Amino acid sequence: MRFTSVSQADVPKGRDGKHKQIISQLLSDIAQLDLGSALKIPLDELPDSKENIRSALSRAANQQHISIATSSNEEFLFVWKTDSKS
């Protein structure tokens, strides 16, 4: 064989991407939001571009069946829960 083999028990099952810490924190904060409220996240406190964080957050929210929407301006990323998938 060209490639080595490993036991399936040793194969990673989850994705621990470079945004895991910030995305976990954002999802925790989103879970505590009331409908009609949004998180206001300073862009200069994000560990990566707003586009990359927004994409990672969207993927993670979809995996957890959480409907969210986002918006941004020059200073902030806003994130809120929605009633259902749009």
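## A short tour of the predicted chain

Ser 58 sits in helix α2, where helices (H or I, at least four residues) and strands (E, at least two) are DSSP runs numbered from the N terminus. This is a predicted model, in which local features need pLDDT of at least 70, side-chain atom pairs count only at pLDDT 80 or more, and totals for chains, interfaces and linings use all residues. Residues are numbered from 1 along each chain as its sequence is written, and side-chain values use heavy atoms, with hydrogens and water left out.

Let's start with the overall layout. The chain holds 2 helices and 3 strands, arranged from the N terminus as α-β-α-β-β. Its radius of gyration is 16 Å, whereas a compact globule of 86 residues would come near 12 Å; the radius is taken over C-alpha atoms, and the globule rule is 2.2 Å times the number of residues to the power 0.38. Along the principal axes, the C-alpha atoms fill a box of roughly 55 × 30 × 20 Å.

Next comes accessibility. Buried means under 20% relative accessible area, exposed over 50%, and partly exposed in between (1.4 Å probe, protein chains only). Of the 86 residues, 22% count as buried. Here are some individual residues:

| Residue | Relative accessibility | Class |
|---|---|---|
| Lys 18 | 72% | exposed |
| Asp 48 | 23% | partly exposed |
| Ser 58 | 32% | partly exposed |
| Glu 74 | 75% | exposed |

Two of these residues pair up. A salt bridge is a side-chain nitrogen of Lys or Arg within 4 Å of a carboxyl oxygen of Asp or Glu, and by this rule the count comes to 1. Asp 48 and Lys 18 form a salt bridge, with their closest N and O atoms 3.8 Å apart. Because Asp 48 lies in the loop between β1 (38–42) and α2 (50–63) and Lys 18 in the segment before α1 (20–31), the pair ties together parts that are 30 residues apart in sequence.
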